[in-house]
Amino acid sequence: MDYQLTEEQIMIRDLARQISEEKVKPVRSELDEKGNFPWEIMKLFSEADLCGLYIPEQYGGFGGGGLEFCLATEEISRVCGGVGVTFAASALGSYPILLFGNEEQKKQYLPDIAAGTKLAAFGLTEADAGSDASAMKTRAVLDGNHYILNGTKQWITNGGEAEIYTVIAMTNPEKGSRGATAFIVEKGTPGFSFGKKEDKMGIRASATRELIFEDCRIPKENVLGRTGLGFIVALKTLDSTRPGIAAQALGIAQGALDESIEYARTRIQFGKPIITFQSLQHMLADMAIQVEAARSFIYSVARAIDSGNIKDYSKVSAMIKTFASDMAMKVTTDAVQILAGYGYMKEYPVEKMMRDAKITQIYEGTNQIQRNVIASGLIKEAASKKR
Amino acid sequence: MKNIIVCIKQVPDTDKVQINRETNTLIREGVPSIINPFDENALEAALQLKEKFGARVIVVSMGPPQVKDALRQAVAMGADEVVLASDRSFAGADTWATSYTLAQAIKEIENYDLIICGKQAIDGDTAQVGPGIAEFLDIPQITFAQEIGYEENRLKVKRVIENGYEEIETELPAVVTVTKEINEPRYPSLKGKMKAKSAEITVWDTEDLEADENKTGLNGSPTKVVKIFTPPVKASNEIFTGDPSETAAKLAGKLKELKI
């Protein structure tokens, strides 16, 4: 399919593809097995200027938008979903600054993120506050010119590896969802430490850790937006980054489809390649339809968001995340089925793709929460229609 | 250092070359062209010296206009300036005429301290052009470098030899040819690629180079390729079978016998 990408977008896609094929593919299985953080690969992305695709030029970025970011995330995830999310999670950590940061904050933090010399991470989830983020217990109390942070964030992608953290904490618990505030916290701040590194089913190259705050003093200037805006910051951030998760899921699925076709062409049973069997052809056709449908949906939503013409894109960004991640789970499961016994073995890459795909239905809002978001969008639209 | 010159050659991507089984020649049509891989190592070495000591990196090549693609890639990797020596009369040059032409181009660039080349091209495999340039310019040469150091205006080079390396020092300017071991060439960056799109490529012809037409191209080439052929594969292997310890002993005995 020709998506009428610009020359620059094709450059981004091809460069991300080249690095992923040449440098990620040979090590993905080892990264998965050992759960090692892919610093060497992140350095290559940084040197290739891929880390600041979505950051404006004035802050050292490439000045692209969500589509550019999606293209790179898709290509990296096509080879390894774990490296893909490591790349994407830095955007999740920096979007709060991009969307709500003041000029000083942007100038201070975005250039390092754009250059790839520092990674960012986003801290929202807690042990008892997952889908119900408003149940969070992390507190920030004002003390002179500082806020004192106490609490523990859980399952934070890039935790421990990132330098810049955007963290949501309750500043006024009585106000409920209007009582949260977003902060920028730098690694190395006294009272800020990291808990255990999680042992995960998939995306094992990515680091997932607790952020622990014990009387951690943060300067007042590190508040993002203003106090009380924490949940708005979180929701707007997720609206902007869900296309990245959709692109990650799309890449994983495309990678599984590529492997399936290659295998089916070369695997001989009953004296001929299994791709000549109609039952298999139909499976492959269905996988290809799903992948391409997700791609055109993601690209068009990313384009629409980038155009700036739509203000509220919660619904559509939830739609592409849900569609692409459900699709990726289905396609990777079918890929394991096509490779059958070999597909189930770690020697072949598709079982990893299936494990990697699962998380895309869960994080940045489970697909059940996404459907709530979509439905509330539908209800809102219906209510605002003139009768 | 002021200027570091890197000489590159555009070659067919051998990973993608197929052989015409009837004529035993390479099928070059439709095969993408790349920068000779050793020349990418040369460019990387120059860029690293530039980052450490400050210098301008100027990339020079000889060939038809399509070599501009290779030069644009050099810009994308970080070259400051690129020059193409291109003239119909340069066609068919052997290594002598190529060295002469590149040396003429280098003479046009003032204040060069160092010239870096790949040790050889993957298509011709002669390893003669780097040394040839040094001869035409009458400056020192060090071939097969695996490390280039620079201290107090002198170059310290580790030169690969069998079973180890030599350490050689030289004054500048000099020609160094590099091996694959010296570094891992960087990827072109996005900003580099954007710059490469609009990069200006200087093209010099015979007149610009003040070259002697009797020394360039087919005319100026003392050597001629008489024939290219694929040698018949000599299959002389021996397979030992049986008990592993027994076969291992047999293999060891055979290796000893052959003095390997």
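## A guided tour of chains A and B

Select chain A to begin: eleven helices and ten strands are found there, helices (H or I, at least four residues) and strands (E, at least two) being DSSP runs numbered from the N terminus. The model is predicted, so local features need pLDDT of at least 70 and side-chain atom pairs count only at pLDDT 80 or more, whereas totals for chains, interfaces and linings use all residues. Residues are numbered from 1 along each chain as its sequence is written, chains are lettered from A and ligands numbered from 1 in the order in which they are written, and side-chain values use heavy atoms, with hydrogens and water left out.

**Chain A as a whole**

Display the C-alpha trace of chain A, which spans about 80 × 60 × 40 Å along its principal axes. The radius of gyration of chain A is 21 Å, in agreement with the value near 21 Å for a compact globule of 387 residues; the radius is taken over C-alpha atoms, and the globule rule is 2.2 Å times the number of residues to the power 0.38. Of the 387 residues in chain A, 54% are buried, where buried means under 20% relative accessible area, exposed over 50%, and partly exposed in between (1.4 Å probe, protein chains only). Contact means heavy atoms within 4.5 Å. Among contacts in chain A between residues at least 6 apart in sequence, 73% join residues at least 24 apart.

**Inside chain A**

Next, select A:Thr73 in helix α4 (residues 66–79) of chain A. Is A:Thr73 buried or exposed? A:Thr73 has a relative accessible area of 0% and therefore counts as buried. Beyond its neighbours within four places in sequence, A:Thr73 is in contact with A:Gly84, A:Phe87, A:Ala88, A:Gly244, A:Ala247 and A:Gln248.

Move to helix α7 (residues 230–266) of chain A, where A:Asp239 and A:Arg242 lie three residues apart, about one turn of the helix. Their side chains meet in a salt bridge (3.2 Å, N to O); the term denotes a side-chain nitrogen of Lys or Arg within 4 Å of a carboxyl oxygen of Asp or Glu. Both A:Asp239 and A:Arg242 are buried.

**The interface**

Show both chains together. Here 18 residues of chain A are in contact with ten residues of chain B. The area buried between the chains is about 1,200 Å², with carbon and sulfur atoms giving 65%; buried area is the accessible area (1.4 Å probe) that two parts lose on being put together, summed over both. On the side of chain A, select A:Met11, A:Leu15 and A:Asp49, which lose the most area to chain B, together 40% of what that side buries.

Two salt bridges cross the interface of chain A and chain B. B:Lys197 forms a salt bridge with A:Glu7, the closest N and O atoms being 3.7 Å apart. Which elements of chain A give two or more residues to the side that touches chain B? They are α1 (7–24) and α3 (39–47), and α1(A) gives the most, with nine residues.

**Chain B**

Finally, select B:Asp80 and B:Lys50, whose side chains meet in a salt bridge (2.9 Å, N to O). This pair links distant parts of the chain, 30 residues apart: B:Asp80 is in the loop between α2 (68–77) and β7 (81–85), and B:Lys50 is in helix α1 (residues 37–53) of chain B. B:Asp80 is partly exposed, with a relative accessible area of 26%, and B:Lys50 is likewise partly exposed at 26%.
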